[in-house]
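Hi,

Here's the structure I promised to pass along.

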Amino acid sequence: MGFIDDAKDAAETAGRKIKEGFEDTVDRVSDKIDEAKADAEVKKAEAERDSVHKRNEIKEEIRGDN
């Protein structure tokens with residue numbers, strides 16, 4: 001029965017490694033998604049900031065604050 005037990009242990013080990021590899025891949029993909037979302041939020045905030053600055057410049061020109 002030693003051969004069967006060795007084969008069973010090898011199959012369990014292979015299954016566990018495949019599962020761990022899959023979980024690692026899922027974690028990496030999730031991290032990349034989170035990173036992309038954060039980058040998008042930063043770009044949105046920068047665009048909003050630039051828009052506010054431009055709008056304020058235009059208001060200053062209209063009021064003659066320059």
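Below is what I found, going from the whole chain down to single residues.

First, a reminder that this is a predicted model.

**Overall shape**

The secondary structure is quick to describe: the chain has 1 helix and 0 strands. Its radius of gyration is 28 Å, whereas the globule rule gives 11 Å for 66 residues, so the chain is more spread out than a compact globule. You can see that in the box the C-alpha atoms fill along the principal axes, roughly 95 × 10 × 5 Å.

How well does the helix length fit? H1 runs over residues 2-63, and at 1.5 Å a residue its 62 residues should span 92 Å; the end C-alpha atoms are 91 Å apart, which agrees. Just after H1 comes glycine 64, with a positive phi of about 80°.

**Surface and charge**

How much of the chain counts as buried? Of its 66 residues, 0% do. The accessible surface is about 6200 Å², and carbon and sulfur atoms account for 55% of that.

On the charged side chains, there are 14 positive and 20 negative ones. The centres of those two sets lie 4 Å apart.

**Salt bridges**

Searching the whole structure turns up 2 salt bridges.

One of them joins the side chains of arginine 49 and aspartate 50, with an N to O distance of 3.1 Å. Both partners are partly exposed: arginine 49 has a relative accessibility of 45%, and aspartate 50 has 43%.

The other links glutamate 57 with lysine 54, where the closest N and O atoms are 3.9 Å apart. As a general point, an α-helix has 3.6 residues a turn, so residues three or four places apart point the same way. Glutamate 57 itself is partly exposed, at a relative accessible area of 39%.

**A few positions along the helix**

- Lysine 19 is in helix H1 and counts as exposed, at 53% relative accessibility. From lysine 19 to lysine 32 is 13 residues in sequence and 20 Å in space, C-alpha to C-alpha.
- Aspartate 27 also lies in H1. Aspartate 27 is partly exposed, since its relative accessibility is 46% and the exposed class starts over 50%. Arginine 55 is 28 residues away from aspartate 27 in sequence, and their C-alpha atoms are 42 Å apart.

Cheers

How values were computed: Residues are numbered from 1 along each chain as its sequence is written. This is a predicted model: local features need pLDDT of at least 70, side-chain atom pairs count only at pLDDT 80 or more; totals for chains, interfaces and linings use all residues. Side-chain values use heavy atoms; hydrogens and water are left out. Helices (H or I, at least four residues) and strands (E, at least two) are DSSP runs, numbered from the N terminus. The radius of gyration is taken over C-alpha atoms; the globule rule is 2.2 Å times the number of residues to the power 0.38. Buried means under 20% relative accessible area, exposed over 50%, partly exposed in between (1.4 Å probe, protein chains only). Accessible areas come from the Shrake-Rupley method with a 1.4 Å probe; for residues, only the protein chains shown count as cover. Lys and Arg count as positive and Asp and Glu as negative; His and the chain ends are not counted. The place of a charge is taken as NZ of Lys, CZ of Arg, CG of Asp or CD of Glu. The expected span of a helix is 1.5 Å times one less than its number of residues. A salt bridge is a side-chain nitrogen of Lys or Arg within 4 Å of a carboxyl oxygen of Asp or Glu.
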